[in-house]
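This briefing is intended to be read alongside the sequence and the three-dimensional structure. Please keep both at hand while going through the points that follow.

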Amino acid sequence: QVAAQQPAPSKAEVEASYQQLLEEQKSSFDESPTAFESQALGGGPLAYVPQRYRVLQEIYLRFDDEVIQLLEQMKQYDDEESDSYEEMLALEYQRLREGALPELRRRLEDGTSFASLMEEVKPGSSSTYNYVSENTTRLSQEYKDAALSISAPGQVSEGEVKLEYGYAVLYWADTLEPGVRPLEEVYDAIAAQLAKQSGSQAWSQIQAQWRQEAAVEIYEERLGY
């Protein structure tokens, strides 16, 4: 309620925040691609894109939770004389290659949208994205190669990426071209960020006021120390 009562940021405030953000991001993103990717993954407003990025979505076909838990336990006690962990791991990867992966490919070929399959595998995941460029270093080389090998936007990776406990199938959803993004493209995101900051500040202030106004009486004899 406190946050909702705060006035919306003015156009001048949004414009000033945009200029400051643009200057900061130019300096930071040109120096480090990882800084851009962290901001993009965090959902923050992007006033500047340092280079061309592929915007990706992925379907992560994981082992069953019970299997992962068992593998973690086996891994702790695995030794050179036992191959049980490696054997079970190989069997689980094979199970996905022979079952879930072909079924996923079949449904994509039949016209099922990538986003709807993402939701089936993990509800809420269809709004998540990853960002990959030629200079990305935070991902494995296999993941990066698969992402950059997709021939065109709207298509799916021909191969799957092997992850720790499963496979990922990638989809090229969009492209971010390098350069400055105009204010109108990020206006709403910046306004939302300013409103959130204003609400948080107001909430902190009113809590401090309540603490100052509260009549607190301490009964020393009842304290448990």
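Arg52 is partly exposed, as its relative accessible area is 44%; buried means under 20% relative accessible area, exposed over 50%, and partly exposed in between (1.4 Å probe, protein chains only). The model is a predicted one, in which local features need pLDDT of at least 70 and side-chain atom pairs count only at pLDDT 80 or more, while totals for chains, interfaces and linings use all residues. Residues are numbered from 1 along each chain as its sequence is written, and side-chain values use heavy atoms, with hydrogens and water left out.

**Salt bridges**

- Arg52 forms a salt bridge with Glu177, and the closest N and O atoms are 3.3 Å apart; a salt bridge is a side-chain nitrogen of Lys or Arg within 4 Å of a carboxyl oxygen of Asp or Glu.
- Arg52 lies in the loop between β1 (48-49) and β2, and Glu177 in the loop between β5 and β6 (179-180), so the pair ties together parts that are 125 residues apart in sequence. Helices (H or I, at least four residues) and strands (E, at least two) are DSSP runs, numbered from the N terminus.
- Glu177 is likewise partly exposed, at 47% relative accessibility.
- A search of the whole structure finds eight salt bridges.
- Glu103 and Arg106 also meet through their side chains in a salt bridge, at 2.6 Å from N to O. Both residues belong to helix α5 (residues 100-109), where they are three residues apart, about one turn of the helix.
- Glu103 is partly exposed at 36% relative accessibility, and Arg106 is partly exposed at 39%.
- A network of salt bridges links Glu103, Arg106 and Asp110.
- Another salt bridge joins the side chains of Glu185 and Arg181, at 3.4 Å from N to O. Arg181 is partly exposed, with 22% relative accessibility.

**The sheet**

- An open sheet is formed by four strands in the order β3-β2-β5-β4, with antiparallel pairing; two strands pair if DSSP finds at least two bridges between them.
- The edge strands, each pairing on one side only, are β3 (130-132) and β4 (161-163).
- Neighbouring strands of this sheet are turned by 45° against each other on average, direction ignored. Axes are lines fitted to C-alpha atoms, for helices over the stretch in contact, and angles run from 0 to 180 degrees between N-to-C directions.
- Strand β2 (residues 53-62) pairs with strand β5 (residues 166-176) in the antiparallel sense over 10 bridges. Within this pairing, Arg62 stands opposite Gly166 in β5, and Gln57 has Tyr171 in β5 as its bridge partner.
- On β3, three bridges join the strand to β2, and the two run antiparallel. Val132 in β3 is the bridge partner of Arg54.
- Strand β2 is mostly covered, as seven of its 10 residues are buried.

**Helices on the sheet**

- Helix α4 (residues 84-98) lies across β2, β4 and β5, and runs at about 55° to β5. Contact means heavy atoms within 4.5 Å.

**The largest pocket**

- What is the volume of the largest pocket? The volume is about 320 Å³, a volume being the space filled by probe spheres set on grid points that are joined across faces, edges and corners.
- A pocket is defined on a 1 Å grid over the protein atoms alone, as an open set of points where a 1.4 Å probe fits, with protein on both sides within 12 Å along at least five of seven lines; lining residues have an atom within 4 Å of a point.
- The largest pocket is lined by 15 residues, and those nearest its centre are Glu58, Tyr60, Lys122, Ser125 and Thr128.
- Strand β2 and helix α6 (114-121) are the elements that give two or more residues to this lining. The largest share, seven residues, comes from β2.

**Two individual residues**

- Tyr165 lies in the loop between β4 and β5 and is buried, with a relative accessible area of 3%.
- Lys196 lies in helix α8 (residues 183-213) and counts as exposed, at 67% relative accessibility.
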